[in-house]
Amino acid sequence: MRRRTDGFSVFNPFSAWTGFSLRVGEMLVASAAVIQHRSARIAAAGPAPGARDRREFTRMGQEKLEAAAESMQAMWLRAISANMQLAGWMTQQMLASSTRTLGLAMTPALLWTPGAAIAHALPTQRAWVKQLSGIGAGVAQQGLRPVHARATANARRLVYRPAGLVARKSRGSR
């Protein structure tokens, strides 16, 4: 049962976590640019900011709360679906390990060693660790999505403008 979520294979946790870290890096660069822009804007506005600056300053706080709420909701929904996936996967693994245990019990006692028991258990444990890591990456990606979207949108809106729009001064800084 190979299932893809967010463009990454659940069975390839390395690519899932790599994609997550790249998105975090992109968000951090965008956030630094937005923080720099907004800090300069707050300093330029002084003690009596104009209406446009007040709207932007209010928007800063509101969007942080909205992004946090959306992030928590997305992570909860992904965690709930992940729990359902894990329950099905655990049932499959339990049945498979029962079959392997019966096979081990049917072997002659002279051939059975502790190493044989570990060899029967290792494939299940490796798959379990891989599955959990992939699911954790999926939950983290879902939680990052709203925050990343807002940070990069703000960077595009406030900082990364065409040259003609950057030179224009805000009304509050005349």
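The numbered points below concern a predicted model, and they move from the overall architecture to individual salt bridges.

1. Overall architecture. The secondary structure of the protein chain consists of four helices and two strands, and reading from the N terminus the elements follow the order β-β-α-α-α-α. Of the contacts in the protein chain with a separation of 6 or more, 78% are made by residues 24 or more positions apart.

2. Surface and burial. Among the 174 residues of the protein chain, 29% count as buried. The chain exposes about 11,400 Å², and 67% of that area is supplied by carbon and sulfur atoms.

3. Salt bridges in general. Side chains of opposite charge can pair when their charged atoms come close. With a limit of 4 Å between a side-chain nitrogen of Lys or Arg and a carboxyl oxygen of Asp or Glu, the count for this model is seven salt bridges.

4. The pair Asp53 and Arg41. These two side chains meet in a salt bridge with an N to O distance of 2.7 Å. Because Asp53 belongs to helix H2 (residues 51–106) and Arg41 to helix H1 (residues 13–45), the pair ties together parts that are twelve residues apart in sequence.

5. How far apart are the closest N and O atoms of the salt bridge between Arg59 and Glu63? The distance is 3.8 Å, and the two residues, four apart in helix H2, are separated by about one helical turn. Arg59 is partly exposed, with a relative accessible area of 38%, whereas Glu63 counts as buried at 10% relative accessibility.

6. The pair Arg150 and Glu70. Here the side chains meet in a salt bridge at 3.1 Å, N to O. Since Arg150 lies in helix H3 (residues 114–159) and Glu70 in helix H2, this pair ties together parts that are 80 residues apart in sequence. Glu70 counts as partly exposed, with 35% relative accessibility.

7. A linked group. Which residues are linked in a network of salt bridges? They are Arg38, Glu56, Arg59, Glu63 and Arg157, so that the salt bridge between Arg59 and Glu63 described above is to be read together with this network, given that a salt bridge is here a nitrogen-to-oxygen approach within 4 Å.

Conventions: Residues numbered from 1 in each chain as written. Predicted model: local features only at pLDDT ≥ 70, side-chain atom pairs only at ≥ 80, totals over all residues. Heavy atoms only, no water. Buried < 20%, exposed > 50% of the residue type's maximum accessible area, 1.4 Å probe, protein only. Contact = heavy atoms within 4.5 Å. Areas by Shrake-Rupley, 256 points an atom, 1.4 Å probe, with all protein chains shown as cover.
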